[in-house]
Amino acid sequence: MNSTSQIHQTLRDSAGIRWMVLLFLAFAMFCSYIFMDILSPIKDLMQSTRGWDSTAFGTMQGSETFLNVFVFFLIFAGIILDKMGVRFTAVLSGAVMLVGAVINWYAVTESFQGSGLETWFNNNLNYIPGFDELGISPFYEGMPASAKFAAVGFMIFGCGVEMAGITVSRGIVKWFKGREMALAMGSEMALARLGVATCMIFSPMFAKLGGVIDVSRSVAFGVVLLMIALIMFIVYFFMDKKLDAQTGEAEEKDDPFKISDLGSILSSSGFWLVALLCVLYYSAIFPFQKYAVNMLQCNLVFTEVPADSFWATNTVTVIQYLIMLVVAAAAFASNFSKRASMKNGLLVVAGVALVIFCYMGYMRQSAETVFAVFPLLAVGITPILGNYVDHKGKAASMLVIGSLLLIFCHLTFAFVLPALKESAVGGIVVAYLTILVLGASFSLVPASLWPSVPKLVDAKIIGSAYALIFWIQNIGLWLFPLLIGKVLDKTNPQLVADLQNGVITPEEAAVSYDYTAPLVMLACLGVAALILGFVLKVVDRKKGLGLEAPNIKE
Ligand SMILES: C[C@H](NC(=O)[C@@H](N)CCCCN)C(=O)O
């Protein structure tokens, strides 16, 4: 048997198996992205049923990244990944996510209320020496006990989800390098984005099921999905093991990771530019995602649909979700269809289904479903962009365009949306269009950013390089949910005072914030990302990093 026929015998040489492996990894990420934002569409219910004001909500949401950033867990995760390999780390990350999620769920249950644990959390963690002085504590005096305990769970989940993120990226590089790598990464992210839409639609539905509000039901839904994610990683474990047995690679043993490798990553200017761009860009997206539904509730007038109306039923929620899947599947599939007639047909189906989806969101008068369109354009175009980067390159230019779109969208939310508050249809149309464009930006940047990393560092330290970028990114993801919450409370002093004095109810307060200041702050992050994007283009040209070059040499 010659070496060529041997190569063709490995699992990754079969396109079907390679893409099946991607499906397992992507589905696990889909589940974890659902959990990541499970509370985001029910910020108002967390305030009215658990007493979490914007600061408590922001602090709890920001805690996701606390251990990663301040206990350097992400750096350890990268080292574990490079030392132990993809499959071990994948299963470990799935287990860690699940443990954190279960804690998070218990914290928001009715059983936690009035328990000894609640008393303990009320009396403790009010002052953390060192962290309080630095202003980085994930807890504060007066923070509701449920928010504190939920934060503990969310920090553990955060370790797992970031570890899963770098592991999946590394896994895709392992299975797809030299092949459709950017397309595979784009497709994985497209499915993960769909997770965000899924939680926007189902989290409020579970919280309000049967007309009785219970926020823990939403979190329980996320916990079940994380069990499925763990199973996906276990299946991946066995496929990856088989691949290594076939190739005899066992990368982590042949080429062990050394701490000194970190030095070579940190000395690359391209790496630093990409990492900084990543933190700036993502800080304007993920933290925003946690407040977006509430921002829409505050900037648009939603009229409650009568309880006996068809539009208030859970059946509508499920139908709308199915329509959303049609949009996503048709748009996604159009990327892969070779025949022009088929491609156009699929795009028409996606377009029509998208209009129906938006109409249903309008009729349901729910901010969650309006925001659920966020990932839909991304699902359709991320694979196209990935494919483009694979065959034509231009990754750095895409980063620049993505940043421009980001600035435009946040400024529209800040200034145009409030001006249209009185116009029921106008406001919703502008909201839908802006959210879709933001989704497009959210395809451009990741589809070009992540596949660029293997061009900047040596293959054996990719795990650590992804971990370092994620670590730097996590500083922003920790800081900005917290900052948005604080800025909201600070720039709405009348609302905060009225709430404290009982002039308005928590329900009224929850939907009355002025979001202009936090949105301008996020637009500024976009401006900084844009500047760095231009610098990256210059550095790429001068140093020949190859960021504008295609991944596949044709
Ligand atoms: C692939 C990339 N993922 C990340 O950047 C993660 N570090 C995100 C973590 C989100 C934390 N709330 C992406 O989704 O584009």
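Author: The questions below concern the ligand and the space around it.

Author: This is a predicted model, in which local features need pLDDT of at least 70 and side-chain atom pairs count only at pLDDT 80 or more, while totals for chains, interfaces and linings use all residues. Residues are numbered from 1 along each chain as its sequence is written, and side-chain values use heavy atoms, with hydrogens and water left out.

Reader: How many cavities of 30 Å³ or more does the structure hold, and which space is the largest cavity?

Author: On a 1 Å grid over the protein atoms alone, a cavity is a set of points where a 1.4 Å probe fits but cannot get out. The structure holds three cavities of 30 Å³ or more. The largest cavity is the space taken by the ligand.

Reader: Which side chain has an N or O atom 2.7 Å from an oxygen atom of the ligand?

Author: A polar contact is a pair of N or O atoms within 3.5 Å. A nitrogen atom of the ligand lies 2.6 Å from such an atom in the side chain of Glu162, and an oxygen atom of the ligand lies 2.6 Å from one in the side chain of Gln473. At 2.7 Å from an oxygen atom of the ligand, the side chain is that of Arg193.

Reader: Which element gives the most to the shell around the ligand?

Author: The shell has 13 residues, each with a heavy atom within 4 Å of the ligand. Helices H2 (15-36), H11 (181-207) and H24 (462-491) each give two or more of them. With three residues, the element that gives the most is H24.

Methods:
Polar contact = N/O pair within 3.5 Å; in protein donor to acceptor, adjacent residues only side chain to side chain. 1 Å grid on protein atoms, 1.4 Å probe; cavity = no way out; pocket = protein on both sides within 12 Å on 5 of 7 lines; lining within 4 Å. Sits in = over half its atoms within 2 Å of the grid points. Helix = DSSP H or I, 4+ residues; strand = E, 2+ residues; numbered from the N terminus. Points joined across faces, edges and corners; volume = space filled by probe spheres on them.
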